[in-house]
Amino acid sequence: MPHVVILGGGFAGLRAAQQLAKAPVRLTLVDRHNHHLFQPLLYQVATATLSPSEIAAPLRALLGPRGVSVLLADVTGVDPENKRVLLADGELKYDYLIVATGATHSYFGNDHWAPFAPGLKSIEDAVEIRRRVLVAYELAERETDPRIRRALLNFVIIGAGPTGVEMAGSLAEISRSSLPGDFKNIDTRDARIILIEGMDKVLPVYPDDLTAKARRTLERLGVEVRTGARVTNIDATGVYVGDEHIEARTVIWAAGVAASPVARSLGVPLDRAGRVNVTPELTVPGREDIFVVGDLASLKQADGTPVPGLAPAAMQEGKHAARNILHRLRGEPMVPFEYWDRGSYAVIGRGHAVGIAFRRFKQAGFSAWMAWLFIHLMFLIGFRSKLAVMLDWAYSYLTFGKSARIITGPAPRLDELPRTTSAAGGPVLQSGTPTPPAQLAASSRELAPSSR
């Protein structure tokens with residue numbers, strides 16, 4: 001039977017595998033992780049609302065009973081001429097290939113910022129951010145220097161797309177509603193949540209009236225919103241916004257994503273973000289045996305607007321690529337992809353969200369929040385995950401509590417905190433030389449308004 005290989009077990013890859021599971025093909029799915037991850041709720045793991053197991057499911061459990069072969073391996077590239085997938089420790093032959101390897105963080109050429117400002121794309125990222133947030137409060141409880149304590153209670157989120165807005169709102173709720181009373185030496189309500197956006201509004205992909213409502217809601221929650229502000233440097237002591245230095249020991253990157261480097265091995269032109277400009281049938285130009293879907297694909301709709309980087313779009317693309325493979329196997333012509341836009345939502349806090357349904361119906365406030373809850377529960381994989389998330393959300397809504405406030409990793413140490421600044425207020429290296437600002441500024445011009 002023809003061998004179909006799918007690279008990536010995200011929304012697009014999983015849906016393609018499910019569509020082809022009963023087809024007359026030999027099907028192999030390759031991923032560097034053994035689980036499918038519901039990325040839109042990663043921020044809730046990072047902010048201690050949900051546990052990782054509630055938004056992830058083992059790929060073998062999802063696909064193994066369907067007869068799909070699942071391989072845990074790291075894909076390094078594709079050899080289209082010889083129909084090979086190149087792995088870090090071997091290779092894999094294919095007859096048809098679906099590439100759905102997604103996207104990774106982009107620091108706009110400033111990759112040295114990554115250790116100080118982690119992004120949010122994996123369970124490991126979410127657990128590390130959760131650790132940094134909770135450790136900041138623990139260290140502040142013990143810190144006697146008022147300046148260092150203030151820096152520990154400053155939380156900076158860079159990028160005000162949906163991920164950044166959702167993170168900022170959730171962090172504000174933690175400090176104002178969940179943690180007060182847990183500590184004796186600090187008042188967690190003194191925490192500053194600072195949201196920095198390079199463009200002139202939050203949620204830039206949404207209409208102006210919704211973004212204005214989102215900003216007002218964030219500010220009511222106590223979030224300090226700075227738009228039109230460009231980050232010029234990040235280090236262990238905080239963030240530079242122009243010449244201003246904001247001392248902060250917890251910085252979170254939500255400003256940009258870049259396509260998986262696997263795209264470069266396909267030998268075709270890429271767009272500025274590194275995505276493949278696919279044909280309307282979702283194939284690589286000149287290669288009808290290779291399909292590219294999800295965050296790695298760049299495709300415009302009939303009205304000229306790009307297909308958005310949303311989970312529903314990724315699932316529709318994965319399903320359509322699988323159907324076109326079946327058309328090829330039957331000797332039928334392939335069908336162009338048409339995206340059905342059901343809408344998108346961004347949650348801002350408890351009982352607050354903004355969104356657009358079916359391209360025209362705007363929503364804000366509690367009704368949008370309820371729609372967001374329903375949509376996310378509907379798309380979660382498995383009854384167990386749906387039930388666990390629903391119970392945790394109910395607990396959080398009724399009690400303002402966060403049920404996953406678990407710190408992992410080594411015990412925090414006060415003597416490891418950076419404690420010196422330059423005379424101008426900027427950070428100082430151990431040698432005593434002020435850290436020079438980077439030349440390239442960052443903004444939240446994201447590929448996708450929500451993780452896939």
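This is a predicted model: local features need pLDDT of at least 70, side-chain atom pairs count only at pLDDT 80 or more; totals for chains, interfaces and linings use all residues.
Student: How many Å does helix H7 reach from its first C-alpha to its last?
Tutor: Helices (H or I, at least four residues) and strands (E, at least two) are DSSP runs, numbered from the N terminus, and helix H7 covers residues 208–220, a run of 13 residues. The expected span of a helix is 1.5 Å times one less than its number of residues. For H7 that expectation is 18 Å, and the reach in the model is close to it, at 18 Å.

Student: Seen down the axis of H7, within what arc do its buried residues fall?
Tutor: The buried residues of this helix are Leu210, Thr211, Ala214, Thr217 and Leu218. The arc is that of the directions from the helix axis to the C-beta atoms. These residues line one face of H7, because they fall within an arc of 125 degrees.

Student: Which helix is included in what covers the buried residues of H7?
Tutor: Covering is judged by contact, meaning heavy atoms within 4.5 Å. The cover includes strands S12 (192–197), S13 (223–227) and S25 (361–364), together with S23 and S24. The cover also includes a helix, spanning 162–178, and that is H6.

Student: How many bridges join S23 to strand S24?
Tutor: Two strands pair if DSSP finds at least two bridges between them. Strand S23 spans residues 343–349, and seven of its seven residues are buried, while strand S24 spans residues 352–357. Glycine 343 stands opposite alanine 357 in S24. The two strands run antiparallel, and the number of bridges that join them is six.

Student: In the hairpin of S23 and S24, which residue takes a positive phi?
Tutor: Most residues other than glycine have a negative phi. The hairpin has two residues between its strands, and the positive phi, near 80 degrees, belongs to glycine 351.

Student: Which strands stand at the edges of the open sheet, each with a single partner strand?
Tutor: The sheet in question has three strands in the order S6-S7-S8, with antiparallel pairing. Each edge strand has a single partner, so one side of each is left without a neighbour in the sheet, and these strands are S6 (75–79) and S8 (90–93).

Student: Which residue stands opposite leucine 86 in S8?
Tutor: Strand S7 (residues 84–87) and S8 pair in the antiparallel sense over four bridges. Across this pairing, the residue in S8 that stands opposite leucine 86 is glutamate 91.

Student: What is the relative accessible area of lysine 83?
Tutor: Lysine 83 lies in the loop between S6 and S7, and its phi is positive, about 55 degrees, although it is not a glycine. This residue counts as partly exposed because its relative accessible area is 31%.

Student: How many degrees lie between the planes of phenylalanine 366 and tryptophan 369?
Tutor: Rings of Phe, Tyr and Trp (its six-membered ring) pair if their centres lie within 6.5 Å, and planes under 30 degrees apart count as stacked, over 60 as edge-to-face and the rest as tilted. By this rule the count comes to seven aromatic pairs. One of them joins phenylalanine 366 and tryptophan 369, which form a tilted pair at 5.6 Å centre to centre, with an angle between the planes of 40 degrees.

Student: Is tryptophan 369 buried or exposed?
Tutor: Tryptophan 369 and phenylalanine 366 both lie in helix H9 (residues 366–379), three residues apart, about one turn of the helix. Phenylalanine 366 is partly exposed, at 46% relative accessibility. Tryptophan 369 has a relative accessibility of 11%, and therefore counts as buried.

Definitions and conventions. Residues are numbered from 1 along each chain as its sequence is written. Side-chain values use heavy atoms; hydrogens and water are left out. Buried means under 20% relative accessible area, exposed over 50%, partly exposed in between (1.4 Å probe, protein chains only).
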